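Subject: Structure handover

Hello,

Please find the structure below. My notes on what was found in it follow.

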Amino acid sequence: MRGAFVRTLVEIAAEDRRVVLLTGDLGYMALEPFVERCPDRFFNVGVAEQNMVGVATGLAEAGFIPFVYSIDPFAVLRPYEFIRNGPIAHRLPARIVGIGGGFEYGPQGQSHHGLEDLAVMRIHPELTVVAPADHLQTVTALRATWDRPGPVYYRLGKDDRTTVPGLEGRFTLGRAECLRAGADVVLVTVGSVAVEAAAAVDTLVARGVDAGLLVVASLQPAPVADLIAALRRAPLCVTVEAHYFSGGLGSLVAEVIAEEQLACRLVRCGVRRGPDGVSGSQSWLHHSHGLSNAALVDAVLGARDRSV
Amino acid sequence: MSVASATSSARPQGAVSARAIRRIVLEQSKRANVGHIGSALSVADVIAALYDRVLNLPGPTHPDRDRFILSKGHAALALYAALALRGWLTTDQLDTYCGDGSHLGVHPEHVVPGVDFAIGSLGHGLSYGAGAALAARLQGTQRRAFVLISDGECNEGSVWEAAMFAAHHRLSSLIAIIDLNGQQAFGYTDEVLSLSPMAGRWRAFGWDVVEVDGHDVAGLARTIAGLDTTSGPPHMLVARTVFGKGVSFMESQIKWHYSPMSDGEYRQALDEIDAEER
């Protein structure tokens with residue numbers, strides 16, 4: 001996604017002089033295409049994320065569209081108050097780009113894992129929150145949202161090879177992508193862990209469970225109508241996110257189910273324990289937190305057994 | 001001069017006096033029964049110099065207006081007074097200060113004409129100013145960005161992030177002013193977290209530093225006019241000020257960071273402001 005983001009941003013920047021890229025000293029071996037094509041609009045501001053967002057606010061007020069780039073928690077949590085008081089409060093078109101949402105920086109440890117970003121970003125009514133599931137959807141989502149009025153948060157992964165089968169890069173702001181309708185259970189997922197959810201759906205279908213799959217890349221505006229349509233007749237919904245189980249996609253779906261009085265039962269698969277000093281690869285961490293293909297299949301089957 | 005006459009119409013340059021700002025600060029603080037009076041009095045002369053003699057402001061939304069960021073947002077009443085004296089706020093609007101549904105709160109909101117950036121949390125303004133100055137450079141314009149910060153605000157690490165950035169990029173059109181009154185909310189700066197030597201710290205960060213009397217309107221304007229805002233480093237005016245300046249019982253008293261005035265204090269304060277001018 002990171003490579004797709006930079007390639008697309010270079011194309012956009014070639015078309016529009018308002019685009020500026022700021023990084024907090026990260027993006028080595030990733031941002032070089034932008035640096036080469038637009039050296040006068042690239043600023044490595046140093047390891048100073050608060051100032052990065054503050055500078056972006058000043059640039060946006062003067063008519064620029066600044067993208068600020070860092071690893072997910074450094075882009076979101078360190079300068080969170082600057083994001084709140086700057087682009088959000090002023091409704092300015094700054095773009096916060098958090099790389100490696102979830103466990104993409106696996107062995108780097110808990111400091112680098114992005115497990116809170118969707119929660120703290122989607123609570124702001126004026127902030128668009130976009131979290132593509134793969135690199136193809138990253139291109140479409142960036143193209144669809146880069147020049148929106150007001151601020152945007154992009155949660156991006158590092159993986160530029162894996163794709164979610166059947167998604168084909170589709171993205172519409174405020175909509176979810178339904179990859180398969182399901183009468184027994186609907187899995188709703190966000191971000192790069194979507195490939196695990198998609199694999200789990202395939203396994204479930206092969207075992208005779210009519211499982212559906214909904215990919216949510218537009219967290220805000222939330223795809224409320226699509227969630228209602230997908231969940232109205234489903235007895236069970238399982239949300240899948242590499243994020244704390246509270247505040248993110250699972251909570252969004254819970255809000256929709258409750259407010260719309262849907263009869264659907266909800267199981268939230270997400271991170272349920274705090275940092276314990278143990279790290280590993282992304283796939284190992286997914287499995288450890290119940291987010292691997294196999295773990296998700298077990299969760300769905302277990303939930304169905306309990307429902308019977 | 002009454003507030004009404006001061007704000008009845010759009011006024012020409014030259015009408016924003018420190019005395020008129022102080023009077024509005026006292027009148028509105030009393031009417032709304034709120035504090036932050038000492039902070040607003042501390043910056044009244046700096047604000048007067050900027051709005052009377054320095055800022056190039058063809059209009060509140062003109063793209064090439066100089067930007068002004070009141071990073072010590074708790075002194076917003078002094079800014080509102082200047083905007084009223086300029087004719088960008090009416091007396092009626094000013095009289096909504098701290099009222100229900102008003103845009104004029106204790107801290108400035110950018111929806112107010114003439115307020116370029118909303119401020120409330122310390123440590124944000126210098127980064128905004130650095131971005132504004134960088135934008136001007138990228139757009140090839142001569143407009144400047146002015147940021148008024150407090151000495152206590154320099155406790156915030158983000159101030160020094162911005163200081164490094166502005167110096168590294170030699171943002172010569174960025175002019176910051178420190179209201180060096182030696183006080184912060186809960187004590188004197190030397191006792192809370194020492195900032196001395198203030199000028200030396202900014203010089204060490206690569207800024208062009210000038211130490212000035214923060215109550216000398218003409219001197220402030222003269223100093224700013226002499227700055228090179230087209231090349232070289234960013235500028236820091238370390239403005240020595242007296243907290244609560246102009247009201248004897250408020251001067252250098254921590255209490256007047258938050259306290260509102262009694263009726264007797266209000267009368268005495270007005271008398272002293274008026275007497276000072278004679």
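Chain A is divided into domain 1 (2-156) and domain 2 (177-307); such bounds come from an automatic or database domain assignment. This is a predicted model, in which local features need pLDDT of at least 70 and side-chain atom pairs count only at pLDDT 80 or more, while totals for chains, interfaces and linings use all residues. Residues are numbered from 1 along each chain as its sequence is written, and chains are lettered from A and ligands numbered from 1 in the order in which they are written.

The two domains of chain A

The centres of domain 1 and domain 2 of chain A, taken over C-alpha atoms, are separated by 26 Å. Their contact takes 24 residues from domain 1 and 26 residues from domain 2 of chain A; two residues are in contact if their C-beta atoms, placed from the backbone, lie within 7 Å. On the domain 1 side, α6 (117-122), β5 (128-130) and α7 (135-145) of chain A each supply at least two residues. Helices (H or I, at least four residues) and strands (E, at least two) are DSSP runs, numbered from the N terminus. By class, this side of domain 1 of chain A has 12 nonpolar, 7 polar and 5 charged residues. Here Ala, Val, Leu, Ile, Met, Phe, Trp, Tyr, Cys and Pro count as nonpolar, Asp, Glu, Lys and Arg as charged, and the others, Gly among them, as polar.

Where the chains meet

Between the chains, 21 residues of chain B are in contact with 20 residues of chain A. The elements giving two or more residues to the chain B side are α7 (125-139) and α8 (157-168) of chain B. The largest share of that side, 9 residues, comes from α7(B).

The largest nonpolar core

A nonpolar core is a set of buried Ala, Val, Leu, Ile, Met, Phe, Trp, Tyr and Cys residues joined through C-beta atoms within 7 Å. A residue is buried if 20 or more other C-beta atoms lie within 10 Å of its own, exposed if 12 or fewer, and partly exposed in between. The largest such core has 191 residues, of which B:Ile21 and B:Ala78 touch the most other members. Its largest share, 10 residues, comes from helix α5 (residues 76-86) of chain B. Leaving out residues up to four places away in sequence, B:Ile21 touches residues including B:Ala44, B:Ile47 and B:Leu85.

Helix α5 of chain A

The buried residues of helix α5 (residues 80-90) of chain A include A:Phe82, A:Ile83 and A:Ile88. The buried residues of α5(A) pack against α3 (49-61) and β4 (95-99) of chain A.

Regards
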